[in-house]
Amino acid sequence: MKKPSLSIASKASKASIAYRGKILIITYYWPPCGGAGVQRWLKFAKYLPEFGWDPYILTIDQKYAEYPAIDESLSDEIPSGIKVYKTKALNYFTLLQGKRPSGNVSAGAHVSGSTKSIKDKITRFIRGNFFIPDPRKGWNRFAVKKASEIIRDEKINVIITTSPPHSTQLIGLQLKKKFPEIKWVADLRDPWTDIYYYKMFYPTFLSRALDKRLEKSVLMSADRIVTVGNSLKDLFIAKLALINDKIHVLTNGYDEEDFAGLSKTEPDVFTITYVGALTDSYPITGFLEAISDISQAGNDIILRFIGSVSPEQLKLIQDRSNNLQL
């Protein structure tokens, strides 16, 4: 049997695939967690068998996880027959906040800016300097142990680690050292040390240096790197002098089957929809100014937000969007 390669296949080449490879997808975010990061690999897992790859999933048990959103409907989309392994984890968010958070936690939630107290700043400092690269690293040792078992038992050919959280990439780094013959693909959906809210955790020089070293180790050790856009690809190539052939772009998209049978409809008023969390750390002033100018020129616009919007951002939107429908 021909050994599976890491080439990115196209639909046109599916018919020529004669082998069956086994791929272990290691992801912190998995149903019932919601969000684009979940759907990315949920959908890849659905279609990978058509390209000769049998996917196995390793994720965190929901009881130990901190999710940015919950979407129970995504559980119904897990491909039938796929093996999903779940492990427990240490919950470092409990240490950060003194108790288990009552709601869902995203990276942006810690830098929302809604709380400017000394306690909030201290929490951010601890987060940025004692939990490198992030508090979800409490899953790693459990994940490495279980992944090692799966690799041996299932004869895995390739492992994929997807982030954020970027601590998940350290799982791949450990596994690559433990199983050098296994091919490792690191999927980075966001920047690591260049993320726009990074400085809001007040990282010291030493903390920043450690984080950058971890980032470099992952990017240099992975056999292939996958990211979601050309700008992010260019960022990694420029900062680490990566070989262009090592990094590939697989953009986020949509599943045509999810839209089967739907008819096209157009709203009466031009509508812009934002889907996802909108915390205070998201810069939207320029966008609102542009929308306001367009509206004042006599164009009707509806802004629609689906997801959580912080009170501060909502007030800003309302103050700057007097002529818009929300």
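Reader: Where does P32 sit?

Author: P32 is in the loop between β1 (21-26) and α1 (36-47). Helices here are DSSP runs of H or I with at least four residues and strands are runs of E with at least two, numbered from the N terminus. The peptide bond from P31 to P32 is cis, with omega near 15 degrees. This is a predicted model, where local features need pLDDT of at least 70 and side-chain atom pairs count only at pLDDT 80 or more, while totals for chains, interfaces and linings use all residues. Residues are numbered from 1 along each chain as its sequence is written, and side-chain values use heavy atoms, with hydrogens and water left out.

Reader: Which other peptide bond is cis, the one from S163 to what?

Author: That one runs from S163 to P164, again with omega near 15 degrees. P164 belongs to the loop between β4 (158-163) and α5.

Reader: What makes you call E66 buried or exposed?

Author: Buried means under 20% relative accessible area, exposed over 50%, and partly exposed in between, using a 1.4 Å probe and protein chains only. E66 has 3%, so it counts as buried. N91 has 17%, so it is buried too. E66 is in the loop between β2 (53-60) and β3, and N91 is in the loop between β3 (83-87) and α2 (92-97).

Reader: Why is the pairing of N91 and E66 called a polar contact?

Author: The term covers a pair of N or O atoms within 3.5 Å; within protein, one must be able to donate a hydrogen and the other to accept it, and residues adjacent in sequence count only if both atoms are side-chain atoms. The side chains of N91 and E66 make such a contact at 2.9 Å.

Reader: What makes K155 and Y202 worth a look in terms of phi?

Author: Neither is a glycine, yet phi is positive: near 60 degrees for K155 and about 55 degrees for Y202. K155, in the loop between α4 (140-154) and β4, has 61% relative accessibility, so it counts as exposed. Y202, in the loop between β5 (183-188) and α6, has 33%, which means partly exposed.

Reader: Why are α5 and α6 called oblique?

Author: Helix α5 (residues 167-178) and helix α6 (residues 205-221) pack at about 55 degrees, with axes 10 Å apart. Axes are lines fitted to C-alpha atoms, for helices over the stretch in contact, and angles run from 0 to 180 degrees between N-to-C directions. Under 35 degrees counts as roughly parallel, over 145 as roughly antiparallel, 65 to 115 as roughly perpendicular and the rest as oblique. The pair is therefore oblique. Q169, L170, L173 and K176 in α5 meet L214, S217, V218 and S221 in α6, a contact being heavy atoms within 4.5 Å.

Reader: And what is α6 doing with α7?

Author: α6 and helix α7 (residues 230-240) pack at about 105 degrees, with axes 11 Å apart. That makes α6 roughly perpendicular to α7. E215, K216, L219 and M220 of α6 touch F236, K239 and L240 of α7.

Reader: What is the confidence overall?

Author: The average pLDDT, the predictor's confidence in each residue from 0 to 100, is 85, and 85% of the residues score at least 70. Residues 1-16 are below 50, though that stretch has 21 contacts beyond near neighbours in sequence. Where pLDDT is low, the predicted coordinates should not be read in detail.
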